[in-house]
Amino acid sequence: MADQESDMEYSSDNDYEFEDYYNSGEDCDIEQIDPKRTDPEYFVYECLNVEEVEKLLNESVEKLSTQLQITPSLAKVLLHETRWNTAEVIERYRNNASNLLVSARIKAAAPSAPPPPQAPVPSTSGASCSTSTSSSFIPSIAGCSQAGAIATPIASTSSSSSSSSSNSSSSSSISSSATKLHHNLSAAVTAGGCCYRTQLCPVCVTVQSTDKFHALACQHSFCRDCWAMHFEIQIGQGISTQIECMEQRCDVRVPEDLVLTLLNRPMLRDKYQQFTFADYVKSHPELRFCPGPNCQTIIRSQDISPKKAVCRMCKTAFCFRCGTDYHAPTDCQIIRKWLTKCADDSETANYISAHTKDCPKCHICIEKNGGCNHMQCFNCKHDFCWMCLGDWKAHGSEYYECSRYKENPNIAHESVHAQAREALKKYLHYYERWENHSKSLQLEQQTLDRMKARINEKVMKGLGTWIDWQHLFDAATLLAKCRYTLQYTYPYAYYMDSRKELFEYQQAQLEAEIENLSWKVERAETTDRGELENQMDIAEKRRTTLLKDFFPTEA
(Lines give C-alpha, C1' and ligand atoms only; values in the text may rest on other atoms or scores of the structure.)
Protein backbone atom coordinates (compact mmCIF):
# COMPACT_ATOMS: atom_id res chain seq x y z
CA MET A 1 0.00 0.00 0.00
CA ALA A 2 2.85 2.37 0.81
CA ASP A 3 4.41 1.72 -2.58
CA GLN A 4 1.10 2.31 -4.28
CA GLU A 5 0.63 5.58 -2.42
CA SER A 6 4.10 6.75 -3.37
CA ASP A 7 3.43 5.86 -6.98
CA MET A 8 0.20 7.81 -6.90
CA GLU A 9 1.90 10.84 -5.42
CA TYR A 10 4.66 10.68 -8.04
CA SER A 11 2.11 10.40 -10.80
CA SER A 12 0.24 13.41 -9.45
CA ASP A 13 3.40 15.51 -9.43
CA ASN A 14 4.10 14.59 -13.04
CA ASP A 15 0.59 15.66 -14.01
CA TYR A 16 1.20 19.11 -12.57
CA GLU A 17 4.52 19.36 -14.37
CA PHE A 18 2.96 18.42 -17.69
CA GLU A 19 0.10 20.83 -17.08
CA ASP A 20 2.54 23.68 -16.48
CA TYR A 21 4.45 22.76 -19.61
CA TYR A 22 1.43 22.76 -21.89
CA ASN A 23 -0.04 25.93 -20.37
CA SER A 24 3.16 27.97 -20.40
CA GLY A 25 2.82 29.02 -24.01
CA GLU A 26 6.46 30.16 -24.17
CA ASP A 27 7.78 27.16 -26.09
CA CYS A 28 4.60 26.58 -28.03
CA ASP A 29 5.25 26.17 -31.77
CA ILE A 30 1.61 26.60 -32.78
CA GLU A 31 1.26 29.64 -35.01
CA GLN A 32 -1.17 32.22 -33.72
CA ILE A 33 -3.63 33.05 -36.51
CA ASP A 34 -4.30 36.75 -36.98
CA PRO A 35 -8.09 37.16 -37.37
CA LYS A 36 -7.51 40.34 -39.41
CA ARG A 37 -5.93 38.21 -42.14
CA THR A 38 -8.50 35.44 -42.19
CA ASP A 39 -11.69 37.44 -41.63
CA PRO A 40 -12.11 40.67 -43.66
CA GLU A 41 -14.99 41.70 -41.39
CA TYR A 42 -13.02 41.34 -38.15
CA PHE A 43 -13.69 44.45 -36.08
CA VAL A 44 -12.67 45.37 -32.53
CA TYR A 45 -15.08 47.70 -30.74
CA GLU A 46 -16.81 48.19 -27.42
CA CYS A 47 -20.30 49.30 -26.41
CA LEU A 48 -20.45 52.07 -23.82
CA ASN A 49 -23.23 53.80 -21.93
CA VAL A 50 -23.64 57.54 -21.46
CA GLU A 51 -21.83 57.64 -18.10
CA GLU A 52 -18.79 55.83 -19.49
CA VAL A 53 -18.56 58.19 -22.46
CA GLU A 54 -18.90 61.26 -20.23
CA LYS A 55 -16.02 59.96 -18.13
CA LEU A 56 -13.95 59.37 -21.26
CA LEU A 57 -14.55 62.90 -22.58
CA ASN A 58 -13.93 64.52 -19.19
CA GLU A 59 -10.58 62.76 -18.93
CA SER A 60 -9.50 64.29 -22.25
CA VAL A 61 -10.71 67.72 -21.10
CA GLU A 62 -8.87 67.52 -17.78
CA LYS A 63 -5.68 66.33 -19.47
CA LEU A 64 -5.65 69.25 -21.92
CA SER A 65 -6.63 71.75 -19.24
CA THR A 66 -3.71 70.65 -17.08
CA GLN A 67 -1.14 70.70 -19.86
CA LEU A 68 -2.05 74.14 -21.23
CA GLN A 69 -3.16 75.68 -17.91
CA ILE A 70 -6.54 76.73 -19.34
CA THR A 71 -10.07 76.40 -18.02
CA PRO A 72 -11.94 73.13 -18.64
CA SER A 73 -14.65 75.05 -20.52
CA LEU A 74 -12.08 76.43 -22.97
CA ALA A 75 -10.39 73.04 -23.29
CA LYS A 76 -13.72 71.43 -24.17
CA VAL A 77 -14.40 73.95 -26.96
CA LEU A 78 -10.92 73.51 -28.44
CA LEU A 79 -11.19 69.72 -28.41
CA HIS A 80 -14.63 69.88 -29.99
CA GLU A 81 -13.31 72.16 -32.74
CA THR A 82 -10.36 69.85 -33.55
CA ARG A 83 -12.36 66.59 -33.34
CA TRP A 84 -10.78 65.71 -29.98
CA ASN A 85 -7.23 65.71 -31.29
CA THR A 86 -5.29 66.65 -28.17
CA ALA A 87 -1.89 66.71 -29.91
CA GLU A 88 -3.17 69.13 -32.56
CA VAL A 89 -4.62 71.49 -29.94
CA ILE A 90 -1.37 71.56 -27.96
CA GLU A 91 0.75 72.21 -31.05
CA ARG A 92 -1.47 74.98 -32.42
CA TYR A 93 -1.92 76.59 -29.02
CA ARG A 94 1.83 76.78 -28.37
CA ASN A 95 2.60 78.02 -31.89
CA ASN A 96 -0.06 80.72 -32.05
CA ALA A 97 -2.73 80.71 -29.38
CA SER A 98 -4.47 83.78 -30.77
CA ASN A 99 -5.03 82.24 -34.20
CA LEU A 100 -6.36 79.05 -32.61
CA LEU A 101 -8.87 80.97 -30.50
CA VAL A 102 -10.01 82.97 -33.52
CA SER A 103 -10.40 79.86 -35.73
CA ALA A 104 -12.37 78.19 -32.93
CA ARG A 105 -14.57 81.31 -32.75
CA ILE A 106 -13.76 81.79 -29.10
CA LYS A 107 -12.64 85.35 -29.69
CA ALA A 108 -13.26 87.80 -32.51
CA ALA A 109 -10.71 88.42 -35.22
CA ALA A 110 -8.76 91.68 -34.99
CA PRO A 111 -10.48 94.42 -37.02
CA SER A 112 -8.66 95.52 -40.13
CA ALA A 113 -6.96 98.91 -40.00
CA PRO A 114 -9.09 101.74 -41.47
CA PRO A 115 -7.84 103.18 -44.81
CA PRO A 116 -5.83 106.42 -44.55
CA PRO A 117 -7.77 109.63 -45.25
CA GLN A 118 -7.48 111.02 -48.75
CA ALA A 119 -6.96 114.60 -47.58
CA PRO A 120 -5.70 115.90 -44.23
CA VAL A 121 -8.45 117.25 -42.03
CA PRO A 122 -7.48 120.13 -39.77
CA SER A 123 -8.39 119.62 -36.15
CA THR A 124 -11.11 121.75 -34.70
CA SER A 125 -12.09 122.68 -31.22
CA GLY A 126 -15.15 120.44 -31.39
CA ALA A 127 -13.19 117.33 -32.30
CA SER A 128 -12.33 116.59 -28.72
CA CYS A 129 -15.98 116.57 -27.80
CA SER A 130 -16.72 113.58 -30.00
CA THR A 131 -14.60 111.22 -27.95
CA SER A 132 -17.28 110.50 -25.40
CA THR A 133 -19.74 109.18 -28.00
CA SER A 134 -17.60 107.62 -30.71
CA SER A 135 -15.44 105.32 -28.61
CA SER A 136 -16.44 101.64 -28.59
CA PHE A 137 -18.00 100.36 -25.39
CA ILE A 138 -16.84 97.41 -23.36
CA PRO A 139 -19.15 96.57 -20.47
CA SER A 140 -17.16 96.73 -17.28
CA ILE A 141 -17.45 94.70 -14.16
CA ALA A 142 -19.60 96.42 -11.59
CA GLY A 143 -17.71 99.36 -10.17
CA CYS A 144 -18.30 102.93 -9.01
CA SER A 145 -16.54 106.14 -9.92
CA GLN A 146 -15.80 108.77 -7.37
CA ALA A 147 -18.76 110.60 -5.82
CA GLY A 148 -19.94 113.55 -7.79
CA ALA A 149 -17.89 112.60 -10.89
CA ILE A 150 -19.52 112.26 -14.30
CA ALA A 151 -19.34 108.64 -15.58
CA THR A 152 -18.17 108.08 -19.16
CA PRO A 153 -18.28 104.96 -21.32
CA ILE A 154 -15.31 102.67 -20.74
CA ALA A 155 -13.09 102.47 -23.79
CA SER A 156 -11.72 99.18 -25.08
CA THR A 157 -8.19 100.53 -25.46
CA SER A 158 -5.98 103.09 -23.76
CA SER A 159 -6.71 106.81 -23.87
CA SER A 160 -4.24 107.36 -26.67
CA SER A 161 -5.90 104.76 -28.90
CA SER A 162 -9.32 106.14 -28.00
CA SER A 163 -8.38 109.60 -29.17
CA SER A 164 -7.02 108.23 -32.43
CA SER A 165 -10.17 106.20 -33.03
CA SER A 166 -12.29 109.27 -32.36
CA ASN A 167 -10.37 111.25 -34.93
CA SER A 168 -10.86 108.53 -37.52
CA SER A 169 -14.56 108.24 -36.73
CA SER A 170 -15.22 111.96 -37.07
CA SER A 171 -15.71 111.45 -40.80
CA SER A 172 -18.51 108.90 -40.34
CA SER A 173 -22.13 109.72 -41.09
CA ILE A 174 -24.59 111.13 -38.57
CA SER A 175 -26.71 107.96 -38.66
CA SER A 176 -23.70 105.78 -37.82
CA SER A 177 -22.85 107.99 -34.87
CA ALA A 178 -26.42 107.77 -33.67
CA THR A 179 -26.35 103.99 -33.84
CA LYS A 180 -23.15 103.89 -31.83
CA LEU A 181 -24.67 106.28 -29.36
CA HIS A 182 -27.50 103.81 -28.72
CA HIS A 183 -25.02 101.00 -28.20
CA ASN A 184 -22.75 103.01 -25.96
CA LEU A 185 -25.32 104.89 -23.94
CA SER A 186 -24.35 105.10 -20.29
CA ALA A 187 -25.49 107.27 -17.46
CA ALA A 188 -24.41 107.98 -13.93
CA VAL A 189 -26.83 108.43 -11.07
CA THR A 190 -25.43 109.72 -7.83
CA ALA A 191 -27.28 108.83 -4.66
CA GLY A 192 -25.92 108.75 -1.13
CA GLY A 193 -22.31 109.09 -2.32
CA CYS A 194 -22.43 105.96 -4.59
CA CYS A 195 -22.49 105.79 -8.38
CA TYR A 196 -24.89 103.45 -10.27
CA ARG A 197 -23.96 102.75 -13.89
CA THR A 198 -26.71 102.00 -16.39
CA GLN A 199 -26.65 100.84 -19.99
CA LEU A 200 -29.03 100.52 -22.95
CA CYS A 201 -29.62 97.01 -24.28
CA PRO A 202 -29.65 97.17 -28.12
CA VAL A 203 -32.16 94.27 -28.36
CA CYS A 204 -34.96 95.17 -25.96
CA VAL A 205 -34.01 98.91 -25.93
CA THR A 206 -34.33 99.26 -22.17
CA VAL A 207 -31.94 100.99 -19.79
CA GLN A 208 -30.80 98.66 -17.03
CA SER A 209 -28.08 98.43 -14.44
CA THR A 210 -24.70 97.41 -15.86
CA ASP A 211 -24.44 94.38 -13.59
CA LYS A 212 -27.38 92.86 -15.52
CA PHE A 213 -25.37 92.79 -18.75
CA HIS A 214 -23.12 90.04 -20.07
CA ALA A 215 -20.58 90.32 -22.86
CA LEU A 216 -18.57 87.79 -24.84
CA ALA A 217 -14.93 88.03 -25.92
CA CYS A 218 -16.12 90.08 -28.88
CA GLN A 219 -17.25 92.75 -26.35
CA HIS A 220 -20.86 92.74 -27.59
CA SER A 221 -23.00 93.28 -24.50
CA PHE A 222 -26.67 92.44 -24.00
CA CYS A 223 -28.92 92.21 -20.99
CA ARG A 224 -29.49 88.98 -19.11
CA ASP A 225 -33.11 88.54 -20.21
CA CYS A 226 -32.27 88.93 -23.91
CA TRP A 227 -29.44 86.41 -23.62
CA ALA A 228 -31.77 83.94 -21.88
CA MET A 229 -34.42 84.34 -24.58
CA HIS A 230 -31.78 83.91 -27.28
CA PHE A 231 -30.55 80.68 -25.66
CA GLU A 232 -34.07 79.31 -25.32
CA ILE A 233 -34.82 79.92 -29.01
CA GLN A 234 -31.55 78.34 -30.15
CA ILE A 235 -31.99 75.27 -27.94
CA GLY A 236 -35.53 74.89 -29.24
CA GLN A 237 -34.04 74.61 -32.73
CA GLY A 238 -31.61 71.91 -31.60
CA ILE A 239 -28.55 74.20 -31.49
CA SER A 240 -26.17 73.91 -28.53
CA THR A 241 -22.42 74.17 -29.10
CA GLN A 242 -22.97 76.44 -32.11
CA ILE A 243 -24.92 79.19 -30.31
CA GLU A 244 -23.41 82.49 -31.48
CA CYS A 245 -23.38 86.11 -30.40
CA MET A 246 -26.59 88.07 -31.04
CA GLU A 247 -24.73 90.87 -32.83
CA GLN A 248 -25.13 90.77 -36.59
CA ARG A 249 -22.12 89.46 -38.53
CA CYS A 250 -20.50 88.20 -35.33
CA ASP A 251 -19.87 84.45 -35.13
CA VAL A 252 -18.19 84.26 -31.72
CA ARG A 253 -19.48 81.25 -29.79
CA VAL A 254 -21.27 81.59 -26.50
CA PRO A 255 -19.41 79.65 -23.79
CA GLU A 256 -21.20 76.77 -22.14
CA ASP A 257 -20.76 78.29 -18.68
CA LEU A 258 -22.71 81.42 -19.64
CA VAL A 259 -25.55 79.41 -21.13
CA LEU A 260 -25.92 77.24 -18.02
CA THR A 261 -25.71 80.31 -15.80
CA LEU A 262 -28.57 82.14 -17.52
CA LEU A 263 -30.91 79.19 -18.10
CA ASN A 264 -33.39 79.14 -15.23
CA ARG A 265 -35.63 76.20 -16.11
CA PRO A 266 -34.17 72.78 -15.19
CA MET A 267 -35.85 71.13 -18.17
CA LEU A 268 -34.18 73.55 -20.55
CA ARG A 269 -30.80 73.04 -18.90
CA ASP A 270 -31.12 69.26 -19.23
CA LYS A 271 -32.10 69.60 -22.88
CA TYR A 272 -29.10 71.84 -23.56
CA GLN A 273 -26.71 69.39 -21.86
CA GLN A 274 -28.16 66.51 -23.90
CA PHE A 275 -27.62 68.45 -27.12
CA THR A 276 -24.05 69.40 -26.22
CA PHE A 277 -23.24 65.80 -25.28
CA ALA A 278 -24.60 64.62 -28.63
CA ASP A 279 -22.46 67.22 -30.44
CA TYR A 280 -19.35 66.09 -28.58
CA VAL A 281 -19.98 62.44 -29.44
CA LYS A 282 -20.65 63.23 -33.11
CA SER A 283 -17.42 65.22 -33.34
CA HIS A 284 -15.34 62.42 -31.79
CA PRO A 285 -13.93 60.18 -34.55
CA GLU A 286 -13.90 57.07 -32.34
CA LEU A 287 -17.51 57.31 -31.12
CA ARG A 288 -20.80 56.51 -32.83
CA PHE A 289 -24.37 56.56 -31.52
CA CYS A 290 -26.25 53.32 -32.06
CA PRO A 291 -28.86 54.05 -34.78
CA GLY A 292 -31.35 51.69 -33.13
CA PRO A 293 -34.67 53.21 -32.01
CA ASN A 294 -34.53 54.69 -28.49
CA CYS A 295 -31.10 53.15 -27.88
CA GLN A 296 -28.60 55.14 -25.79
CA THR A 297 -25.61 52.86 -26.46
CA ILE A 298 -22.47 54.42 -27.92
CA ILE A 299 -19.99 52.34 -29.90
CA ARG A 300 -16.28 53.08 -29.59
CA SER A 301 -13.49 51.82 -31.84
CA GLN A 302 -10.04 53.03 -32.83
CA ASP A 303 -10.46 51.35 -36.21
CA ILE A 304 -12.45 53.96 -38.17
CA SER A 305 -13.36 51.73 -41.09
CA PRO A 306 -16.59 50.71 -42.87
CA LYS A 307 -17.06 47.53 -40.85
CA LYS A 308 -20.08 46.08 -39.10
CA ALA A 309 -20.75 47.00 -35.49
CA VAL A 310 -23.58 45.29 -33.61
CA CYS A 311 -25.12 46.96 -30.56
CA ARG A 312 -25.14 44.62 -27.58
CA MET A 313 -28.38 46.14 -26.26
CA CYS A 314 -30.74 46.35 -29.27
CA LYS A 315 -28.73 44.11 -31.67
CA THR A 316 -28.80 46.77 -34.40
CA ALA A 317 -26.07 46.26 -37.02
CA PHE A 318 -24.63 49.24 -38.89
CA CYS A 319 -21.54 50.54 -40.66
CA PHE A 320 -19.25 52.14 -38.09
CA ARG A 321 -17.91 54.76 -40.49
CA CYS A 322 -21.13 56.23 -41.91
CA GLY A 323 -23.74 54.97 -39.43
CA THR A 324 -26.06 53.53 -42.10
CA ASP A 325 -26.92 49.88 -42.75
CA TYR A 326 -23.86 47.69 -43.18
CA HIS A 327 -23.04 47.62 -46.90
CA ALA A 328 -19.81 45.66 -47.63
CA PRO A 329 -18.37 45.31 -50.24
CA THR A 330 -19.79 48.66 -51.34
CA ASP A 331 -18.06 51.63 -49.74
CA CYS A 332 -19.86 54.48 -47.95
CA GLN A 333 -19.68 57.00 -50.76
CA ILE A 334 -21.00 54.63 -53.41
CA ILE A 335 -23.89 53.36 -51.29
CA ARG A 336 -25.01 56.95 -50.69
CA LYS A 337 -24.99 57.58 -54.44
CA TRP A 338 -26.86 54.33 -55.08
CA LEU A 339 -29.57 54.96 -52.48
CA THR A 340 -30.05 58.51 -53.76
CA LYS A 341 -30.40 57.23 -57.31
CA CYS A 342 -32.87 54.54 -56.23
CA ALA A 343 -34.96 57.17 -54.45
CA ASP A 344 -34.93 59.46 -57.49
CA ASP A 345 -35.74 56.68 -59.98
CA SER A 346 -38.18 54.76 -57.81
CA GLU A 347 -41.19 55.60 -59.99
CA THR A 348 -39.36 54.35 -63.08
CA ALA A 349 -38.51 51.08 -61.38
CA ASN A 350 -41.93 50.45 -59.83
CA TYR A 351 -43.07 48.16 -62.61
CA ILE A 352 -40.35 45.61 -61.87
CA SER A 353 -41.49 45.18 -58.28
CA ALA A 354 -44.24 42.70 -59.15
CA HIS A 355 -44.16 39.33 -57.40
CA THR A 356 -45.52 37.31 -60.33
CA LYS A 357 -44.05 36.13 -63.63
CA ASP A 358 -45.16 33.67 -66.30
CA CYS A 359 -43.58 30.27 -66.62
CA PRO A 360 -41.38 30.41 -69.75
CA LYS A 361 -42.61 26.94 -70.82
CA CYS A 362 -46.34 26.68 -70.08
CA HIS A 363 -46.89 30.46 -69.50
CA ILE A 364 -48.91 29.95 -66.35
CA CYS A 365 -48.70 32.75 -63.78
CA ILE A 366 -46.32 31.93 -60.92
CA GLU A 367 -45.92 33.73 -57.61
CA LYS A 368 -42.55 33.72 -55.84
CA ASN A 369 -43.13 32.63 -52.23
CA GLY A 370 -39.55 31.82 -51.20
CA GLY A 371 -36.11 33.38 -51.24
CA CYS A 372 -34.57 30.93 -53.69
CA ASN A 373 -34.33 32.05 -57.34
CA HIS A 374 -34.40 28.44 -58.53
CA MET A 375 -38.05 28.14 -59.51
CA GLN A 376 -40.02 25.03 -60.40
CA CYS A 377 -43.37 25.44 -62.12
CA PHE A 378 -46.03 23.53 -60.20
CA ASN A 379 -47.88 22.88 -63.47
CA CYS A 380 -45.22 21.58 -65.90
CA LYS A 381 -42.35 21.04 -63.40
CA HIS A 382 -40.05 23.18 -65.52
CA ASP A 383 -36.98 24.46 -63.62
CA PHE A 384 -35.99 28.01 -64.51
CA CYS A 385 -34.30 31.10 -63.10
CA TRP A 386 -36.60 33.72 -61.61
CA MET A 387 -34.29 36.56 -62.68
CA CYS A 388 -33.73 35.84 -66.39
CA LEU A 389 -36.41 33.15 -66.93
CA GLY A 390 -33.74 30.94 -68.52
CA ASP A 391 -33.49 27.18 -68.16
CA TRP A 392 -31.92 26.43 -64.77
CA LYS A 393 -29.75 23.67 -66.22
CA ALA A 394 -28.24 26.13 -68.69
CA HIS A 395 -26.93 28.28 -65.85
CA GLY A 396 -24.28 25.69 -65.03
CA SER A 397 -22.46 25.40 -61.74
CA GLU A 398 -19.63 27.83 -62.50
CA TYR A 399 -21.02 31.05 -63.85
CA TYR A 400 -24.28 32.96 -63.75
CA GLU A 401 -24.71 34.82 -67.01
CA CYS A 402 -27.85 36.54 -65.78
CA SER A 403 -25.93 38.32 -63.00
CA ARG A 404 -23.75 40.15 -65.54
CA TYR A 405 -24.74 43.19 -67.48
CA LYS A 406 -23.59 43.05 -71.12
CA GLU A 407 -22.95 46.57 -72.25
CA ASN A 408 -23.30 47.65 -75.87
CA PRO A 409 -19.73 48.17 -77.17
CA ASN A 410 -20.94 50.68 -79.79
CA ILE A 411 -23.04 52.78 -77.41
CA ALA A 412 -20.61 55.72 -77.65
CA HIS A 413 -21.49 56.14 -81.33
CA GLU A 414 -25.24 56.01 -80.77
CA SER A 415 -27.59 58.97 -80.39
CA VAL A 416 -28.25 60.75 -77.12
CA HIS A 417 -31.64 59.06 -76.77
CA ALA A 418 -30.09 55.64 -77.38
CA GLN A 419 -27.46 56.30 -74.73
CA ALA A 420 -30.16 57.37 -72.28
CA ARG A 421 -32.11 54.17 -72.93
CA GLU A 422 -28.94 52.12 -72.46
CA ALA A 423 -28.19 53.89 -69.16
CA LEU A 424 -31.72 53.18 -67.92
CA LYS A 425 -31.43 49.57 -69.03
CA LYS A 426 -28.17 49.18 -67.11
CA TYR A 427 -29.65 50.73 -63.96
CA LEU A 428 -32.76 48.52 -64.10
CA HIS A 429 -30.59 45.44 -64.53
CA TYR A 430 -28.78 46.07 -61.25
CA TYR A 431 -31.77 47.51 -59.42
CA GLU A 432 -33.92 44.48 -60.21
CA ARG A 433 -31.34 42.14 -58.70
CA TRP A 434 -30.77 44.43 -55.72
CA GLU A 435 -34.51 44.53 -55.01
CA ASN A 436 -34.93 40.81 -55.64
CA HIS A 437 -32.38 39.82 -53.00
CA SER A 438 -33.91 42.28 -50.56
CA LYS A 439 -37.28 40.57 -50.98
CA SER A 440 -35.65 37.15 -50.81
CA LEU A 441 -34.28 38.04 -47.38
CA GLN A 442 -37.80 38.83 -46.21
CA LEU A 443 -39.21 35.63 -47.68
CA GLU A 444 -36.45 33.52 -46.13
CA GLN A 445 -37.31 34.99 -42.74
CA GLN A 446 -40.82 33.64 -43.28
CA THR A 447 -39.30 30.28 -44.21
CA LEU A 448 -37.33 30.32 -40.96
CA ASP A 449 -40.49 31.06 -38.96
CA ARG A 450 -42.29 28.13 -40.61
CA MET A 451 -39.28 25.91 -39.92
CA LYS A 452 -39.36 26.85 -36.25
CA ALA A 453 -43.03 25.92 -36.05
CA ARG A 454 -42.45 22.52 -37.70
CA ILE A 455 -39.44 21.73 -35.53
CA ASN A 456 -41.34 22.71 -32.41
CA GLU A 457 -44.10 20.35 -33.46
CA LYS A 458 -41.60 17.50 -33.98
CA VAL A 459 -39.99 18.14 -30.59
CA MET A 460 -43.39 18.04 -28.90
CA LYS A 461 -44.03 14.69 -30.56
CA GLY A 462 -40.70 13.33 -29.30
CA LEU A 463 -39.05 13.22 -32.72
CA GLY A 464 -35.78 14.71 -31.47
CA THR A 465 -34.64 17.69 -29.45
CA TRP A 466 -33.87 21.28 -30.36
CA ILE A 467 -30.16 20.42 -30.38
CA ASP A 468 -30.80 17.82 -33.09
CA TRP A 469 -32.23 20.54 -35.34
CA GLN A 470 -29.77 23.33 -34.49
CA HIS A 471 -27.93 22.90 -37.80
CA LEU A 472 -31.06 24.04 -39.64
CA PHE A 473 -31.07 27.38 -37.82
CA ASP A 474 -27.34 27.76 -38.45
CA ALA A 475 -27.93 27.17 -42.15
CA ALA A 476 -30.76 29.70 -42.30
CA THR A 477 -28.65 32.30 -40.45
CA LEU A 478 -25.72 31.78 -42.80
CA LEU A 479 -28.02 31.99 -45.81
CA ALA A 480 -29.30 35.40 -44.69
CA LYS A 481 -25.71 36.56 -44.09
CA CYS A 482 -24.55 35.48 -47.55
CA ARG A 483 -27.57 36.89 -49.36
CA TYR A 484 -27.15 40.21 -47.54
CA THR A 485 -23.58 40.46 -48.84
CA LEU A 486 -24.72 39.46 -52.33
CA GLN A 487 -27.39 42.17 -52.32
CA TYR A 488 -24.77 44.88 -51.77
CA THR A 489 -22.54 43.58 -54.57
CA TYR A 490 -24.90 45.03 -57.18
CA PRO A 491 -24.43 48.73 -56.28
CA TYR A 492 -20.70 47.99 -56.25
CA ALA A 493 -20.85 46.44 -59.73
CA TYR A 494 -22.99 49.29 -61.09
CA TYR A 495 -20.35 51.93 -60.34
CA MET A 496 -17.12 49.93 -60.66
CA ASP A 497 -14.72 50.27 -63.61
CA SER A 498 -11.57 48.26 -62.89
CA ARG A 499 -11.30 44.54 -62.08
CA LYS A 500 -14.90 44.10 -63.14
CA GLU A 501 -14.43 40.67 -64.76
CA LEU A 502 -12.92 39.19 -61.60
CA PHE A 503 -15.62 40.74 -59.45
CA GLU A 504 -18.47 39.49 -61.64
CA TYR A 505 -16.94 36.02 -61.66
CA GLN A 506 -16.77 35.87 -57.85
CA GLN A 507 -20.22 37.43 -57.61
CA ALA A 508 -21.64 34.72 -59.86
CA GLN A 509 -19.87 32.01 -57.86
CA LEU A 510 -21.36 33.36 -54.65
CA GLU A 511 -24.83 33.65 -56.14
CA ALA A 512 -24.74 30.07 -57.42
CA GLU A 513 -23.78 28.68 -54.00
CA ILE A 514 -26.36 30.84 -52.25
CA GLU A 515 -29.13 29.53 -54.48
CA ASN A 516 -27.98 25.95 -53.86
CA LEU A 517 -27.98 26.61 -50.12
CA SER A 518 -31.39 28.28 -50.29
CA TRP A 519 -32.81 25.29 -52.18
CA LYS A 520 -31.52 22.93 -49.49
CA VAL A 521 -32.69 25.09 -46.58
CA GLU A 522 -36.23 25.22 -47.95
CA ARG A 523 -36.14 21.40 -48.11
CA ALA A 524 -34.05 21.00 -44.96
CA GLU A 525 -36.16 18.25 -43.42
CA THR A 526 -35.47 15.96 -46.37
CA THR A 527 -31.87 17.07 -46.97
CA ASP A 528 -28.93 15.10 -45.59
CA ARG A 529 -27.28 16.97 -42.72
CA GLY A 530 -23.76 16.38 -44.02
CA GLU A 531 -24.71 17.64 -47.45
CA LEU A 532 -26.30 20.75 -45.96
CA GLU A 533 -23.28 21.55 -43.78
CA ASN A 534 -20.95 21.04 -46.73
CA GLN A 535 -22.97 23.53 -48.77
CA MET A 536 -22.83 25.99 -45.86
CA ASP A 537 -19.04 25.77 -45.80
CA ILE A 538 -18.78 26.37 -49.55
CA ALA A 539 -21.11 29.39 -49.49
CA GLU A 540 -19.25 31.03 -46.60
CA LYS A 541 -15.89 30.52 -48.32
CA ARG A 542 -17.23 32.16 -51.48
CA ARG A 543 -18.47 35.12 -49.46
CA THR A 544 -15.21 35.52 -47.55
CA THR A 545 -13.14 35.33 -50.73
CA LEU A 546 -15.13 38.09 -52.38
CA LEU A 547 -14.86 40.34 -49.34
CA LYS A 548 -11.12 39.78 -49.01
CA ASP A 549 -10.56 40.92 -52.60
CA PHE A 550 -13.05 43.80 -52.71
CA PHE A 551 -13.61 45.02 -49.15
CA PRO A 552 -13.85 48.85 -49.11
CA THR A 553 -10.57 50.50 -48.17
CA GLU A 554 -11.41 54.20 -48.58
CA ALA A 555 -9.67 56.55 -46.17
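**A walk through the model**

Modeller: Just after helix α15, Gly462 takes a positive phi of about 80°. Helices (H or I, at least four residues) and strands (E, at least two) are DSSP runs, numbered from the N terminus.

Biologist: What should I know about the numbering and the kind of model?

Modeller: Residues are numbered from 1 along each chain as its sequence is written, and side-chain values use heavy atoms, with hydrogens and water left out. This is a predicted model, in which local features need pLDDT of at least 70 and side-chain atom pairs count only at pLDDT 80 or more, while totals for chains, interfaces and linings use all residues.

Biologist: Back to α15, then: how many residues does it have, and how far does it reach?

Modeller: Helix α15 has 45 residues and reaches 66 Å from its first C-alpha to its last, close to the 66 Å expected at 1.5 Å a residue. The expected span is 1.5 Å times one less than the number of residues in the helix.

Biologist: How many helices and strands does the chain have?

Modeller: There are 19 helices and 14 strands in the chain. Of its 555 residues, 39% count as buried, where buried means under 20% relative accessible area, exposed over 50% and partly exposed in between (1.4 Å probe, protein chains only).

Biologist: Which residues touch the most other members of the largest nonpolar core?

Modeller: Those are Trp338 and Val521, in a core of 41 residues. Such a core is a set of buried Ala, Val, Leu, Ile, Met, Phe, Trp, Tyr and Cys residues joined through side-chain atoms within 4.5 Å. The elements giving two or more residues to this core include α13 (332-344), α15 (416-460) and α18 (500-522).

Biologist: And what does Val521 touch?

Modeller: Not counting residues up to four places away in sequence, Val521 touches Met451, Ala475, Ala476, Leu479 and Leu532, with contact meaning heavy atoms within 4.5 Å. A second, separate core has 25 residues, including Leu48, Ala75, Trp84 and Val281.

Biologist: What covers the buried residues of α12?

Modeller: The cover includes α3 (50-68), α4 (72-81), α10 (224-236), α11 (256-262), β7 (287-289) and β8 (298-300). Among the buried residues of α12 are Leu268, Phe277 and Val281.

Biologist: What order do the strands take in the sheet with β7 and β8?

Modeller: The order is β1-β8-β7, in an open sheet of 3 strands with antiparallel pairing; two strands pair if DSSP finds at least two bridges between them. The edge strands are β1 (46-48) and β7, each pairing on one side only, and the twist averages 30° from one strand to the next. Strands β7 and β8 pair over 3 bridges, and the bridge partner of Phe289 is Ile298 in β8.

Biologist: Which helix packs on that sheet, touching β1, β7 and β8?

Modeller: That is α3, whose direction makes about 100° with that of β1. Helix α12 lies across β7 and β8, running at about 130° to β7. Axes are lines fitted to C-alpha atoms, for helices over the stretch in contact, and angles run from 0 to 180 degrees between N-to-C directions.
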